[in-house]
Structure formats: C-alpha cells, structure tokens
Amino acid sequence: MGGNARGGKQMNLYERAFRHALFPAYEAARGRHTLQHLREYEANQWLPAEQIAELQWRKLTALVAYCWEQVPYYRQRWQAIGFEPGDLRSMEDYARLPVLTKADIRTHFDQLKSRSLQHRLLYKVTGGSTGEPLRFGYTRESLDRRTAVMWRGYGWAGARIGQRALFLWGGPIGERTRIAQLKERLYHAAFQRRILDSFRMREDNMAAYADAIANWRPEVIVAYVDPIVRLSEWLLAQGRTIPGVAAVLGAAEALHDFQRPVIEAAFPGARTCNTYGCREFMLIACEAEDRDGLLVSADHLVVELVNASRTDDGNETGELAITDLHNLGMPFLRYVNGDIASRKNPWHATGRRGLPRLSRIDGRRLDAIRTTDGRVLPGEFFPAMLMNVAGVRRFQVVQDSLERFTLKLVPGPDFDAEQEAYLRREISKVLGDDASLDLQLVDDIPLTASGKFRVTVSRLP
C-alpha cells in the first residue's frame, strides 16, 4: 500500500479513532455488524486456496439446501429439471443448474423471496446499464457483509476505512430535501470524504475540480474512470499535478493499462487500481498491490464464466454468473448480469492471498454523451437518472448531433405525464437549453446486430 507524507501505511490519529471508536459506535447504534464481518473476511483472505474453496463450497451447499426449502422459484425450477440438493456433489454439478436472468427476476419477483424473510427485506433499484432498471431485495446482514467486502477490497488497493478520500462520482439526480442533504454531509464528513459530481464536469470548469481536490488533500481517490482520466489529461496539459494521493481506484467502467500512466503522472506517487462491482452485489473483485488481475471475493461470492471460450493468450472469456452466498432474503444464484470477463487458465490463486483472480473485465462499454458546453457524460449517467422513474421498463438515448437527442422509452402502466415532465426537466438541466430532446414512447427497442443492447448511442464523428 504505497505511502505518502500525510498517512502512508500507518494509520493517522483520526483514522485509528474512526475505525476503533467512532465507526464501531455508529454501527452499534444502528444495529450493524460491518466491522465484525470485515475481521472475518480479512482473516479469510490469507487462507490457502484449497481452504477458501472448501469454505465457499460449504456456504454454497447450505445456500442451495436453504433455497430448496424457502424459495419457491428455485424449487420449482430445479424440480422441472429433476434436480434436488442431494444431487449437488461438485462445482461441475452446480454449473449445470439454470442461470438467473433479469427477465426471470422481473417475471418471478415474489417467488424469488424467502418465505421466512420476505417481510424483512430492503430494496434497491439498479441503474439499468442494459437499459432496463431492475428492483431487487436483500437482507440487512447481506448489506453489512457487502460493505465489509467492499472495505476489504479497497484495502487491497491501498484505501483504508477512515482515510481522507475524494469521490469523483455521479451526483444525485433530482431535488433532495435539506434534511437529506444535511445527513449526507455529516455522514461523509465522519468518513473524511468529499464527493465531487462528475456528471457536471466540463472543459471550462476543470480548474474548479482540480482546485477542490488539491485543497481537500485526499489520500485516496475513488472515481469513475472516464472523468478521472479526462481530469488527469487536463492537469497535464496545464502543467499541473496534484501530489500526495496514495491510491486512485477506478470504478463503474474498466480501467485500461494505457490510462494508468496518465492518472499516475497527474497524481504523482499514486498507484491506480481497477475495481469491479455492480449494484446487485456491490464490490465483486478488485486489484491488489501487484495489480496482477482482480482478486475475487470467493469467500463471499461464487463467480463463474458461462459458455467460456479459450483466447489466444490462454485465458478464458465468458459471461459472468454470480451467486451471493449471504443474501438469504432474495437469493441470486448463477445470476448473469450481462458483463463479460476473462480469467487466467487454470483458475488458481497466486501470491499470498488464496483468492482466485479475473484477468480483466470486458463488459459494460457504453457510449459517452457530449454536450454543447464541452462536458462528456459517461454511459452511467442516464441509467442513474432513470433508475427511480416509475414506469420506465427500457430506454435508450441516441445522440445524433451536439444539439439533437432522442430518448426512446418503453413505458409501463405507471408512466404518465408527471414522469415525462420530470425527465424533460432533468435532462434539459444537463444537456442545456439549446439541446432538443425527442422523447419517443415505443413498444420495444431492438438489439444490435451482435445481439447486444446499447443504452446510449452516439452518432458523433
């Protein structure tokens, strides 16, 4: 975990107090167990690969037995193919079970809930990077565990809980109450972190973003990849750098090798690391100090490659199928989220940690949208905007020119004039008054010739 003048490997006084006093007190007051799970996962990572595989197998077989008894969807689906929990004797047996798709979740939403826990579920909505927002349930324990796994993974990359951090992240969309804003500010202040809205970044306000980061003096930056790369390029073009950052974690899209030197030149002394996650599971994999692939949290998840094929470099590439081993309220078993990844062959661990590694993440390549005032909106912007709009089943944004946009939307029964007015108002705020938006309500949105769906399409040269 590379150091810097203000923190380095050693915890400073506030970081130590936050981890050992303030955060435990906050967790206890909220009835949470994040730190307890974090200690468990931090111990697990040093187990030999064989012991991690055994731990994962015990959790998986217990989960399958639980779903047979508690989750109607799985029992019905497995009975239809002649499977019972006793038939599960190896990971090869598990790989023969049907995958779970977003369409399955929408169609069988209530049948996927545990009978005994369905009334205690919390809910989230995905941003719908495939153009279809998805609602799902989870338990409080699974959320605490996911948060613990996130902090463990960030720790691999050099970002510890309580360190001074800067998030170059998508800001909230829509209007929020003053109380909500105050709570958010207090929460982030306790964690020693500041949030900068990457959705509002453009060429003529880069200096304000650079100054805000320099004045905040973060030890860690967590950022959408495209905004931090563009900011780094601007800094270098201006002859500026921001020293003192120990780690930069790229999120929401793949961090490519050619982008790392740009970021590290703009933030001298920083090490850039790639992370991978999705809203349904939070952090799934993350690079460590050696940056030799992304460590997978195999003690918390089962990560498979479906229909994998061998590549020229000896790796395997396929669609990800992910199982959360701890969300008993609405279990996702072999869930395919549409992302493509590659792994080393054979699927083994290297280094001190016994966790397996993905070579790279190949999926989620969305077109960026450009505005007349010089901003570049990442592909995640419109999913973030539309994910909580009632009645939006599927959507696609097409940019024909800097001024002309088309929003194709497949509406549900809850979509009405109020939702349409909200969309037009919020999109106008971002694209500018000189941009025209053609909102088209359609019955379906076709896939590309390769069978994929693009949530944003840019026709700019």
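Predicted model: local features only at pLDDT ≥ 70, side-chain atom pairs only at ≥ 80, totals over all residues.

Tutor: Strand 12 covers residues 335-343 and is mostly covered, since 7 of its 9 residues are buried. Strand 11, residues 316-324, is joined to strand 12 by 6 bridges, and the two run antiparallel; here Thr317 stands opposite Ser342 of strand 12. Strand 13, residues 357-361, is also antiparallel to strand 12, to which 3 bridges join it, and in strand 13 the bridge partner of Ser342 is Arg360. In general, the strands of a sheet pair through backbone hydrogen bonds, either parallel or antiparallel.

Stepping back, these strands belong to an open sheet of 11 strands with mixed pairing, whose order is 4-3-5-6-7-8-9-13-12-11-10. At the edges stand strand 4 (193-197) and strand 10 (301-310), and because each has a single partner strand, one side of each is left without a neighbour in the sheet. From one strand to the next, the twist averages 35°. Elsewhere on this sheet packs helix 10, residues 225-237, which touches strand 3 (165-169), strand 5 (220-224) and strand 6 (247-251), and the direction of helix 10 makes about 115° with that of strand 5.

Definitions and conventions: Residues numbered from 1 in each chain as written. Heavy atoms only, no water. Buried < 20%, exposed > 50% of the residue type's maximum accessible area, 1.4 Å probe, protein only. Helix = DSSP H or I, 4+ residues; strand = E, 2+ residues; numbered from the N terminus. Pairing = 2+ DSSP bridges. Axes fitted to C-alpha atoms, helices over the stretch in contact; angles between N-to-C directions. Contact = heavy atoms within 4.5 Å.
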